[in-house]
Amino acid sequence: MSDKTMTRQVLLFLSVLSLSSVHGQVSYSIPEEMAKGSLIGNIAQDLGLDIKRLKSGKARIHTGDSAEYIELNKERGVLLIREKIDREALCGQTTPCALHSQIILENPMELFQITIEISDINDNAPSFKKNEKRFEISESAVIGSKFVLEKAGDADIGLNGLQSYSLKPTDNFALKLENQVDGSKKVEMVLQKPLDREKQEQVSLVLTAIDGGEPRLSGTVQIHVIVLDANDNAPVFTHPVYKATITENSPKGTYLTKVSASDADKGSNGEVSYSISNNMDSVSDMFHIHANGEVILVGKVDFEKAKHYQIDIEAIDNGGLSDSSKVIVDVIDINDNAPVISVLSKSSSTPEDSIQNTVIAMFSVHDPDSDSNGQVHCGINENIPFTIKSTSNGFYSLVTDSDLDRERASEYNISVTCSDEGVPSLSSSVTLTLHISDVNDNAPVFEMSSYEAYIIENNTPGLSIFTVNAKDADWNQNARVSYILEDSSVNGVPISSYVSVSADSGVIHAVRSFDYEQIKDFQFRVKAQDGGSPPLSSNVTVKIMIQDQNDNAPQVLYPVQTGSSLMAEMVPRAADVGYLVTKVVAVDVDSGQNAWLSYKLQKATDRALFEVGLQNGEIRTIRQVNDKDAVKQRLTVVVEDNGQPSRSAIVNVNVAVADSFPEVLSEFTDFTHDKEYNDNLTFYLVLALAVVSFLFIVSIIAILSVKCYRWRRERMLYKSNGNLPVIPYYPPLYADVGGTGTLRHVYNYEVCGTADSRKSDMKYVRPYSQSIISLDGTQTLPNAQRDKLIIDDGDNQQKPPNADWRFTQGQRPGPSGAGGPPEMAMGTGPWPNPPTEAEQLQALMAAANEVSEATATLGPGTMGLSTRYSPQFTLQHVPDYRQNVYIPGSTATLTSNPQQQQQQQQQQQQMAAQHQALQAQPSEAAPQPEPPKAAQTPASKKKSTKKDKK
C-alpha cells in the first residue's frame with residue numbers, strides 16, 4: 001500500500017444544536033488499510049478548539065461497542081489511526097462504510113460527533129469459489145445455448161470491485177454478461193459454434209474476472225467442457241425471482257420457500273437438480289436447498305447483522321443444461337435486545353449551590369432493534385431534584401431541576417432506567433451516586449440566646465468560668481467553629497483584661513481575680529465564626545455576675561483609733577443604769593450576711609459596769625456608777641461579721657468615770673506609752689530568743705570541729721615516728737631584714753626541733769646586732785667573731801647556677817620572686833609555739849616554692865635556701881637536694897655539676913673549723929640582756945592560756 005496514492009477528503013459540517021451539550025459534528029473520509037499512527041485530521045482546528053482546552057477538558061473518544069480504530073493525540077490535537085481498518089471486515093458490501101465516534105470534554109461537559117467514512121481501495125482480487133468448472137454439453141446443443149458460469153466474488157466495492165469477465169479461447173463459446181437487480185452481473189457462456197464430439201471430445205476454457213482498481217487485479221477459473229450426445233433442452237425456472245420472509249432467531253430447519261424448474265427433455269436429460277450458487281459463505285452456510293427445491297434455514301438469523309439475504313439458485317439437468325433464479329429473503333425484527341446505557345461522563349460530587357440545569361452526567365442509549373422495538377424512553381426515580389434531557393439522537397444529559405441542600409440530603413443514588421417500546425418491553429438501568437459537597441451557607445448558632453454565669457470573687461486567674469457552645473449545620477471545615485471575644489470595655493478597661501475565650505472549645509476563663517466590692521457584674525459578646533470562605537458568624541451576649549466572699553474585715557469608723565492622740569468617753573459618777581456611754585460604729589464593705597455585724601465586749605477593766613449592744617454597738621452601763629469605780633476604764637470591743645469564716649475587728653474604748661475634765665487628764669497621760677510597749681515587747685522577745693539559739697548552735701558546731709581536727713592532727717604526727725622534716729613556720733608580721741620590715745625588732749633564737757612539735761624548746765639569745773646563730777644552732781657568736789664570719793662568708797660567695805637550669809625567674813612556678821638576694825643579712829625574730837597542721841602545710845608549700853628560687857641562691861651547705869631557714873634547716877635535718885631538686889608544678893630538675901659539689905665540700909670543711917674554734921672559747925661569756933618577748937601567734941596564745949590555767 002506504500003506505493004499507492006492515498007487521498008483524504010475532509011468534510012466538516014458544523015451545526016448549531018438546540019442544546020449546549022453537543023456543539024458540532026465533523027466528518028472525515030480516509031482510505032482503508034492506513035498504517036497505524038497515520039494522520040486522519042486536525043480535530044482541534046476543525047472543531048475550533050484550543051489544544052489547552054483538550055487537555056483541561058480531559059478529552060477522550062467514545063466509540064461505543066465497536067473496536068477502537070482511532071485515537072486522539074491531545075498534545076497535537078489530531079486524530080490518528082490506532083489499528084488498521086479493513087473496510088471489508090468492518091462493513092462488508094455495505095456502502096457507505098463509516099465509523100461514528102464522539103469526543104467528550106469535561107469542565108464544562110461538551111460532546112462533538114465525528115464521522116469517519118472508510119473508502120475502499122483495491123486490496124482484494126476477484127476470486128472464484130472453485131478453481132475449475134466442468135460442463136457436459138451435448139453435441140446437439142444449438143447455437144446460442146447458454147451455460148451459466150460461476151460468478152466471481154470481489155470484497156471490494158465500486159470501481160475496485162468486479163468490473164468485467166473474459167473467456168478464452170473463443171472458438172466455440174462466447175461470454176455473455178447480464179446486469180442484475182442487485183448490481184451484480186450474471187455470467188453465461190453462449191455456444192456460438194456447434195460442437196462436434198468426433199472432432200473435439202473435450203474443450204478447455206479459462207474464465208477471467210477483472211476488477212477496475214489501479215492496478216487491476218484478476219481471478220481465473222478453469223472450465224472443462226465434455227461433449228455429450230444430444231440434450232438440447234435446458235431447465236427453466238417458473239419464476240426468475242422468489243421472495244420469502246423469516247423472523248430473526250428462528251430455529252434451524254425453518255422453511256422459507258420452494259423453487260421449481262422444468263426441462264422439456266425426457267428421461268435422464270429431463271431430470272433437474274438444484275444447488276445454491278452463492279460464492280459468499282455467509283449465504284451458503286445459512287441456507288440449504290433440497291432436491292425437491294425447498295429452501296430451509298440451517299444457520300442463525302440476526303436482524304441486527306443482516307436485514308436481507310439473496311440466495312442464487314441453479315437448476316441443472318443431467319445433460320448439463322442449467323438455469324438460474326434467486327430467492328430474496330427479508331428478516332423480520334423482534335424485540336430481543338434491551339437498551340444499552342453507556343455513561344459518557346459523570347460527576348461524583350457537585351456543590352449544593354449549583355444552579356438549575358447543571359449537568360451531572362452524560363450518557364448514550366442504543367437499542368439495536370428497529371422501529372418501535374428500538375424506540376427508547378428514559379426516566380429516573382421520583383422525588384429527587386434531577387431530570388433527564390435529550391441532547392441529540394440517543395444522547396441524554398442528567399441535570400438538576402431544583403435547588404440542592406446538603407443539610408437535607410448529602411448523597412443521592414440516582415437510578416436511570418431506559419425502556420424500549422417493544423412487546424414485551426425490555427429495559428436497562430444504571431445507578432449513579434452523587435455526593436453533594438458542602439457550601440458555607442449556615443452560620444453557627446448558639447444553644448442559648450444569652451448566657452449568665454456566676455463566679456466567686458478572689459478567684460484564681462485562669463479559672464474556667466463556663467463554656468459557650470455553638471453548632472454549625474455545615475460540614476468539615478465549614479462547620480469548624482472558632483470563638484472570638486468581641487472588643488468592648490468595662491468601666492474604661494478592655495474586656496480582654498477581664499476574661500478570655502478559648503478559640504477551639506469556647507471555654508471562658510477569668511484573666512484576673514475579681515473583687516465584688518469593685519465590680520459586681522459585667523457583660524460582653526462572644527462571636528462564633530466558622531472556617532468557611534467567606535466565614536459566617538453569629539454572636540451572643542454573656543453576663544458574668546460576681547458573687548461576694550467574706551474577704552473584708554469590719555472597719556471601725558468610731559471611735560477613731562490613732563496612736564498620736566488619746567480619746568476617752570466621760571461617764572459622770574451619777575450615771576444611772578443604761579446610761580449610753582458611746583456607740584461603736586463599724587461597716588463591712590461585703591454584702592449580704594457577710595456584712596451583718598455583731599458587737600461583743602472582749603475585755604474590760606470592770607466587766608460588771610458596762611455592756612455592748614449585740615446589734616447596734618451601743619456601750620451602756622449595767623449598774624449604778626459609784627465612787628469606788630476607777631476613773632480610768634478601758635474596754636475592748638470585738639466587731640465580727642456573719643461570714644463563713646467570720647472576720648472581726650477590735651477597737652479599744654477609753655472611758656473616764658469622772659465629773660470634771662482635769663480629773664480625767666491626770667489619769668490618762670500614760671496610756672500611749674503602755675500601748676506601744678505592749679505591742680513591741682513580744683516581737684523583741686521572740687527575736688532575742690532566735691538569735692541566742694542560733695549562736696549557741698554555731699558555737700557547739702565550731703567546738704566539735706576544732707576538737708576533731710586536733711585529734712586527727714595528733715594521730716598523724718604520732719604515726720610519723722619522728723621522720724618528718726621540720727618545717728619552718730612564719731608567724732604573722734615576721735620577715736627578714738630585707739623583706740617588708742613588719743617586725744620592729746629582730747631577734748635570734750636557739751631552737752631545738754623534734755618530730756613532736758609540742759615538746760620543742762626555744763631559747764632567746766640576743767638581738768641580731770650583737771650576735772649571730774652558729775650554723776649548727778647551738779651557740780652564738782660575739783660581734784667581733786660575727787664580723788669576721790661575715791667577711792669570710794663574703795669571700796665564699798655562691799657561684800652562678802649551672803647550665804642545667806633552663807627556666808627564667810618569671811617562668812618558675814610559685815612566688816619565686818619573693819626571696820631576697822643571697823647577700824642579704826639573715827633576719828632573726830621571735831619563734832612562736834609549735835605551728836598547727838594547717839600552718840605546717842602552708843610552710844611546706846612555701847619551702848617548695850623556695851626550691852624553685854634556688855637559681856639565684858645555690859651555695860654550699862644551704863641547698864640554695866634563704867638564710868632565714870638556718871635556725872632549723874641544718875645539714876642533719878634537711879634532705880639532700882643537691883643531686884636532684886624537683887620543682888613543684890614543673891617538669892624541670894635541678895642538678896649540681898661536679899664543680900659545684902667540690903666547692904660545697906670545701907665550704908663545709910671551713911664551717912667545721914669555725915665550729916671547733918667557737919667551742920674552744922671560755923664558757924664564761926658575758927650575760928646577755930634579756931630581749932623583749934616575742935609577739936604571740938594565735939596558737940601560742942592558746943598554749944599560754946592553758947599553761948596559766950594549769
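**Disulfides, confidence and salt bridges**

Counting the bonded cysteines of the chain in sequence order, the pairing is 1-2, 3-4. A word on the source: this is a predicted model, in which local features need pLDDT of at least 70, side-chain atom pairs count only at pLDDT 80 or more, and totals for chains, interfaces and linings use all residues. Residues are numbered from 1 along each chain as its sequence is written, and side-chain values use heavy atoms, with hydrogens and water left out.

Disulfides, then. The search of the whole structure gives two disulfides, a disulfide being a pair of cysteine sulfur atoms within 2.5 Å. One is between Cys-91 and Cys-97, with the sulfur atoms 1.8 Å apart. Its S-S torsion is about 65°, so the Cys-91 to Cys-97 disulfide is right-handed. Cys-91 is buried at 18% relative accessible area, and Cys-97 is buried at 2%. For the terms: buried is under 20% relative accessible area, exposed is over 50%, and partly exposed is in between, with a 1.4 Å probe and protein chains only.

The other joins Cys-378 to Cys-418, S to S 2.1 Å. Here the torsion about the S-S bond is about 105°, so this disulfide is right-handed. Cys-378 sits in strand 28 (residues 376–380) and Cys-418 in strand 31 (residues 411–420), so the bond ties together parts 40 residues apart in sequence. Strands (E, at least two residues) and helices (H or I, at least four) are DSSP runs numbered from the N terminus. Which of these two cysteines is buried? Cys-418 is, at 0% relative accessible area, while Cys-378 counts as partly exposed at 23%. Cys-708, on another part of the list, is partly exposed at 48%.

Now confidence. The chain averages a pLDDT of 76, and 70% of the residues score at least 70; pLDDT is the predictor's confidence in each residue, from 0 to 100. Where is confidence lowest and where is it highest in the chain? The lowest is strand 1 (residues 9–13), at a mean of 34, and the highest is strand 41 (residues 507–510), at 96. Over residues 724–834 pLDDT stays under 50, and the model has 215 contacts beyond four places in sequence for them. Contact here means heavy atoms within 4.5 Å. Residues 920–950 also stay under 50, with 29 such contacts beyond four places in sequence.

Last, the charged pairs. How many salt bridges does a search of the whole structure find? It finds 16, where a salt bridge is a side-chain nitrogen of Lys or Arg within 4 Å of a carboxyl oxygen of Asp or Glu. Among them, Glu-110 pairs with Arg-53, closest N and O atoms 3.0 Å apart. Glu-110 is in strand 8 (residues 110–119) and Arg-53 in helix 2 (residues 51–56), so the pair ties together parts 57 residues apart in sequence. Glu-110 is buried at 12%, and Arg-53 is buried at 15%.

Arg-60 forms a salt bridge with Glu-106, at 3.2 Å between the closest N and O atoms. Arg-60 lies in strand 4 (residues 60–62) and Glu-106 in the loop between strand 7 (97–105) and strand 8, so the pair ties together parts 46 residues apart in sequence. Arg-60 is partly exposed at 32%, whereas Glu-106 is buried at 17%.
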